Amino acid sequence: MGKKLVSGNSWIVASADGKLTGVSRKGEKITGAWIWHKRFFCRNIYLGQTRLPEDCNTVSIDGNTATFTRDKGKGKATIFSF
């Protein structure tokens, strides 16, 4: 953790201390926190001033890409490069 993850125009950094920072595709500031819960990457974030619902993602890494799949692996997947 601590690497800048990029997907299109958006990016996010998940710091080792549990903080999340970044910028959305629409240029909105992303802030929040994350933890590992069992085998899931769980996060609470704000997109600008809007708090998004907590979500836990599965994470898989292949080379220089990381795939985060929402709703404990049952939702939409986002692929990031680092």
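Where is Lys-74 found? Lys-74 lies in the loop between α1 (70–73) and β9, and the views below start from there. The model is predicted, so to speak of local features takes a pLDDT of at least 70 and side-chain atom pairs count only at pLDDT 80 or more, while totals for chains, interfaces and linings use all residues. Residues are numbered from 1 along each chain as its sequence is written, and side-chain values use heavy atoms, with hydrogens and water left out.

View 1. Helices (H or I, at least four residues) and strands (E, at least two) are DSSP runs, numbered from the N terminus. Lys-74 is exposed, at a relative accessible area of 72%; here buried means under 20% relative accessible area, exposed over 50%, and partly exposed in between (1.4 Å probe, protein chains only). Look also for Asn-57: its C-alpha atom is 8.7 Å from that of Lys-74, although the two are 17 residues apart along the chain.

**View 2. The largest nonpolar core.** Eleven residues make up this core, among them Leu-5, Ile-12, Leu-20, Ile-30 and Ala-66. A nonpolar core is a set of buried Ala, Val, Leu, Ile, Met, Phe, Trp, Tyr and Cys residues joined through side-chain atoms within 4.5 Å. Two or more residues each come from β2 (10–14), β4 (29–37), β5 (40–47) and β8 (65–69). In soluble globular proteins, nonpolar side chains tend to be buried together. Ile-45 is one of the core residues; leaving aside neighbours within four places in sequence, Ile-45 is in contact (heavy atoms within 4.5 Å) with residues including Leu-20, Ile-30, Thr-50 and Leu-52.

**View 3. Aromatic rings around Phe-41.** The whole structure holds five aromatic pairs. Rings of Phe, Tyr and Trp (its six-membered ring) pair if their centres lie within 6.5 Å; planes under 30 degrees apart count as stacked, over 60 as edge-to-face and the rest as tilted. Trp-34 and Phe-41 are stacked, at 5.2 Å centre to centre and 20 degrees between the planes. Trp-36 and Phe-41 instead pair edge-to-face, at 5.9 Å and 75 degrees. Trp-34 is buried at 9% relative accessible area, Phe-41 is buried at 5%, and Trp-36 is partly exposed at 45%.

**View 4. The salt bridge between Asp-55 and Arg-43.** The count comes to one salt bridge, defined as a side-chain nitrogen of Lys or Arg within 4 Å of a carboxyl oxygen of Asp or Glu. The closest N and O atoms of Asp-55 and Arg-43 are 4.0 Å apart. The pair links distant parts of the chain, with Asp-55 in strand β7 (residues 55–62) and Arg-43 in strand β5, twelve residues apart. Asp-55 is buried, with a relative accessible area of 14%, and Arg-43 is buried, with a relative accessible area of 14%.

**View 5. Thr-78 in strand β9.** Thr-78 belongs to strand β9 (residues 77–81) and is buried, at 13% relative accessible area. Beyond its neighbours within four places in sequence, Thr-78 is in contact with Ser-7, Arg-25, Ala-66, Thr-67, Phe-68 and Arg-70.

**View 6. Two lysines with positive phi.** Lys-38, a residue other than glycine, has a phi near 55 degrees. Lys-38 is found in the loop between β4 and β5 and is exposed at 75%. Lys-72 has a positive phi of about 55 degrees; Lys-72 is in helix α1 and is partly exposed at 45%.
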